[in-house]
Amino acid sequence: MTTGDSLSSAPAPDAGADIKAVPVRRPGRILAAILIAVLAAAAISSIVQNPRFQWGTVGEFLFAPTVVSGALKTLELTAISMVVGIFLGIVLAIMRLSPNPLVAGASGFYIWLFRGTPVLVQILFWSFIAALYPDISVGIPFTGVEFFSVKANDIFLPFVAAVLALGLNEGAYMAEIVRAGFVSVDQGQEEAAKALGMRRMQTIRRIILPQAMRVIIPPTGNEVISMLKTTSLVAFVAFPDLLYAVTVIYSQNFKQIPLLIVASIWYLFFTTILSIGQYFIERHYGRGTAAAGPQPLMARVWQLVFTTRHSDLAEKKGKPPATAPGEEPPERHGL
Amino acid sequence: MSTAADDTMVRAEGVHKRFGSLEVLKGVDLEVQRSEVMVILGPSGSGKSTFLRCINHLEKINRGRITVDGTIVGYRQKGDTLHELKESEVARERAAIGMVFQRFNLFPHMTALQNVTEAPVCVLGQSREKARTHGRELLDRVGLADKADAYPGQLSGGQQQRVAIARALAMKPKLMLFDEPTSALDPELVGEVLDVMKGLASDGMTMVVVTHETGFAREVADSVVFMDDGVVVEEAPPEELFGNPQHERTKRFLATVL
């Protein structure tokens, strides 16, 4: 009657063969697949059949010179702001972990200030900075000695204001990411370096930072993708980025929807490229420690698409914990 | 500089160390002579590891003083006042004192050879070439010549600890500190590390070893110190301390470990 009875009376399966069992039925899966297919079909047919999407216009403007130049400006702004942000983040993280309470406090204050106000407000602040400080001069404070002086409006062009706002803001977030990376490195590493006579900055550069990278890289990838989209806020201060370029066009031809689709296509294109890059960088730094959890769908797609090429590369490079020839593969070691 | 310092490598006088309100060292007096091997025994929490860490200034002492090779550790004395040394000066003092940790603390992102050459290049300014040659000699000396390009994660605990010893030796230290070097090892791996340490001792290295390996103490130590509750209870040559302990606490401790 019960399975137990039937099992005990049944002949034992061939001990030498792998188990071949009938898989459990998953009716939920089939149901979900049908549901998703129906919804997707409905969405696609509405997008294709609704003439107000004006796909013709989308095609017409996708590679318009101002749009392409705006897209490049967006990339440029993302890259420069991230470089500023990462550099600042490392400096702030080192300051935050400094034994000098004043230095640590200054870094804490910076992070509090720049994380605590919206980035759009900061962008507007930097573009209006001339109202606060019409003249910017370099000299010795409180003495009246002045080396040179410029009009704020001459140097705080939209691009400079945008880079400053985005970079300084990003620095505050990167500082926390880098700090988390530093803290993740075992205390014994610093002690061992100290005991060998290494100084604090040598220890950070040679011992702590390389190990912290594993923890720092993945969230930094997220920050890059996030920054790419955050740069669209600079359209508020008339910086000719991707979003600004399409708003200028649709303010003349009133085809808002197709032009916003144009911008979205570009943003999606860039974030897709960056996600692929992030996937491989993470895999590089996560070797030996990566948890074997289920991978997101897109990651599996990248793996399928790129695996053959990448594994060729990996073989040629044969870098770090790669197994020495003639040796068993290393167990998962908690580096 | 004083004449008394000539044969004394480490001298500790009335060393006190507090962590907050917890007093870990309550006046430690010790002397280690040049080329002497001193083993410090004691129950956990007796302050023996803390004392070892004070010798190379990984911990700052609150009272008393420690000198290594005639120089005060971590301070400069001018008249009656002590001045803290700069970071670079403390680092220079530490560079001459090798330390081996319970948990090895090898740099996991570097190969065995890179672990050994890092400090000589970075701190002593040796050429990479020279450091690598010397590093390979040292790895050979600890029996790991064939593991030069292995990463710590690919080595057993005993192999890692031997690399850590080679790493410390690469700085040509005048004194080696061992902080429970075999406590994190599987029993069958303890011997290979102790063998390396015996070799060092017979080469005349001055060593201070915190360990529970009484066999090593009997065989290699010139003097054995028993510490308990932040003070030195008893110090004697191994045969005396193990054969005829003078203090009740020492007897009780030895009864539990032997």
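**A tour of the two-chain model**

Begin with helix H6 of chain B, which lies across strands S3 (37-41), S9 and S10 (207-210) of that chain and runs at about 150° to S10(B). Contact here means heavy atoms within 4.5 Å; axes are lines fitted to C-alpha atoms, for helices over the stretch in contact, with angles from 0 to 180 degrees between N-to-C directions. Helices (H or I, at least four residues) and strands (E, at least two) are DSSP runs numbered from the N terminus.

This is a predicted model, in which local features need pLDDT of at least 70 and side-chain atom pairs count only at pLDDT 80 or more, while totals for chains, interfaces and linings use all residues. Residues are numbered from 1 along each chain as its sequence is written, chains are lettered from A and ligands numbered from 1 in the order in which they are written, and side-chain values use heavy atoms, with hydrogens and water left out.

Next, select the sheet of chain B: 6 strands form an open, mixed sheet in the order S8-S9-S10-S3-S11-S12. Strands S8 (97-100) and S12 (231-236) each have a single partner strand, so one side of each is left without a neighbour in the sheet. Two strands pair if DSSP finds at least two bridges between them. S8(B) runs parallel to S9 (residues 175-179) of chain B, joined by 4 bridges; B:Ile97 has B:Leu175 as its bridge partner in S9(B).

Now display the largest nonpolar core, of 49 residues; B:Leu41, B:Ile165 and B:Phe178 are among those with the most contacts inside it. Helix H6 (residues 187-202) of chain B gives the largest share, 8 residues. Such a core is a set of buried Ala, Val, Leu, Ile, Met, Phe, Trp, Tyr and Cys residues joined through side-chain atoms within 4.5 Å; buried means under 20% relative accessible area, exposed over 50%, partly exposed in between (1.4 Å probe, protein chains only). Leaving aside neighbours within four places in sequence, the contacts of B:Phe178 include B:Leu52, B:Val100, B:Met197 and B:Val210.

Move to the interface, where 27 residues of chain A are in contact with 28 residues of chain B. The two chains bury about 2,300 Å² between them, 60% of it on carbon and sulfur atoms; this is the accessible area (1.4 Å probe) lost on being put together, summed over both. Select A:Glu191 and B:Arg53, whose side chains meet in a salt bridge (2.6 Å, N to O); the term requires a side-chain nitrogen of Lys or Arg within 4 Å of a carboxyl oxygen of Asp or Glu.

Finally, select B:His57, in the loop between helix H1 (48-55) and strand S4 (63-68) of chain B. B:His57 has a positive phi of about 65° although it is not a glycine, and counts as buried at 10% relative accessibility.
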